[in-house]
Amino acid sequence: MNWPKLSTQEIKLKIFEALGKNLNYRSELILGIPATYLDTEIFYDDAPFLKNAPFLSMLVANPNHIGCHTLNQEGEPIFKGTQQLEKDLIRLCSDEIFGAEPTTCDGYVASGGTEANIEAQWIYRNYFIEEFQAKPEEILLVYSQDSHYSFAKAANLLNLNSLVFKVHPDNREVDLHDLETKLETAIKQGVKYFIVNVNLSTTMFGSVDDIEKITDLMNLLHLNYKLHVDAAFGGFIYPFTNSESKHNFKNPYVNSISIDGHKMLQAPYGTGIFLIRKNYMKYVCTNQASYVLGKDYTLCGSRSGANAACMWMILHTYGSVGWTVKMNQLLDKTTSLCSALDEMGVEYFRNPFLNMISIKSKYISTEIAKKFMLVPDDHDKPSWYKIVMMPHVKQGILDTFTSQLSDELLYKRIQS
Ligand SMILES: *Cc1c(COP(=O)(O)O)cnc(C)c1O
């Protein structure tokens, strides 16, 4: 993994250079496009600070990145400057962070992890239909009980059935026996094609599905499947904290990956990333998108070019070395909170490469949960409360939390 850290000045130059390559609504002959810069009453473009604010300048210029720009065809020439930044961003994510060989991946900046996950299911459904004449009832979405609800959404939208397998109640590991039993039942019922979704960090536990165990089982059963990795939460941290990760494109079974910029990367909302190996985007080409030069391959249609460029800016502000340091600092803070919990005898789940801790609910009073805004796995009947070590979580808050928790537990012990 290796990409450079750039100075603020260099980043500013790159962004304004990219904007300069886009056509400018103010100075070019643009008559046919139902789009323009942001409303000038509110977003006046002569505000003096804009000269030093590349992201805000991009927002005001309002480039549209509709379509998929990693495909080898011409996109809208109007926005080609900032679209090139998006291509660079996708390359950085697929090749540098997720180990793909050069020019073997496509991708785009989606509205979020939900869209990226749905895009993957949509592509594979159509792939099985086109290549194997699959009937919808012969295709099954496979994911664990800890998976994000976007997979249930996808199944509903795409009219496909789901196989939801169990995980171990304490260590949240894939229950292979349950998966195998359910696969065998599905096969008996005539299912022939499987869209398998593997978590690179679940939302609630920060647990990571053992990808090898899952692919070994699929291969042993000689099943026809495509595998998607949901790295919406873990994608910008896990590859930097675990160099042995198998959840990447070096693994031949991984075909696509979702990552969220608006979680660990601290980018604005609307910065999901969808990555997929080449020759798959074509399964969702909407030929009827005839007014879009290069057609549309995405779920969302029009989307913000500023958002794509913004992720490019964040990643180059740190460089690969700086980002690795930042993520490891979050990891250290998480580990030190775990040590404090260990001392108090509090039971919790934590993946050592991630910045999330799920504490068993019996240790957490409603007052503490409310005061520190811990998130329950189930608002009606909580079994776990999670803590996510995000950059805003400072040591002082952690100290207040641990001392209050320790007082409460001591008081409970005295009472009983
Ligand atoms: C947050 C999250 C999603 C969905 O992302 P949105 O950006 O909210 O659409 C999907 N999967 C996982 C594991 C997540 O943590």
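This note comments on the domain contact, the ligand surroundings and the salt bridges of a predicted model.

1. Domain layout. The domain assignment divides the protein chain into domain 1, covering 77–318, and domain 2, covering 319–415. Between the C-alpha centres of domain 1 and domain 2 the separation is 29 Å. Domain 1 contributes 29 residues to the contact, and domain 2 contributes 27 residues.

2. Buried area. About 2,300 Å² is buried between domain 1 and domain 2. Carbon and sulfur atoms account for 67% of that area. On the side of domain 1, the residues that lose the most area to domain 2 are Met204, Phe205 and Tyr318. Together these residues make up 29% of what the domain 1 side buries.

3. Which side chains form a salt bridge with an N to O distance of 2.9 Å? They are those of Asp170 and Lys360.

4. Make-up of the domain 1 side. Two helices, H8 (238–241) and H9 (305–344), each provide at least two residues of the domain 1 side that touches domain 2. Helix H9 gives the most, with 5 residues. Sorted by class, this side of domain 1 holds 14 nonpolar, 12 polar and 3 charged residues.

5. For Thr114, an N or O atom of the side chain is 2.6 Å from an oxygen atom of the ligand. The side chain of His262 likewise places an N or O atom 2.6 Å from a ligand oxygen atom. For the side chain of Asp260, the corresponding distance to an oxygen atom of the ligand is 2.7 Å.

6. Salt bridges in the whole structure. Side chains of opposite charge can pair when their charged atoms come close. How many salt bridges does a search of the whole structure find? The search finds 14. One further pair joins the side chains of Lys21 and Glu17, at 4.0 Å from N to O. Both Lys21 and Glu17 belong to helix H1 (residues 8–21). Within helix H1, Lys21 and Glu17 are 4 residues apart, about one turn of the helix.

Notes:
Residues numbered from 1 in each chain as written. Predicted model: local features only at pLDDT ≥ 70, side-chain atom pairs only at ≥ 80, totals over all residues. Heavy atoms only, no water. Domains from an automatic or database assignment. Contact = heavy atoms within 4.5 Å. Buried area = accessible area lost by both parts, 1.4 Å probe. Nonpolar A, V, L, I, M, F, W, Y, C, P; charged D, E, K, R; others polar. Polar contact = N/O pair within 3.5 Å; in protein donor to acceptor, adjacent residues only side chain to side chain.
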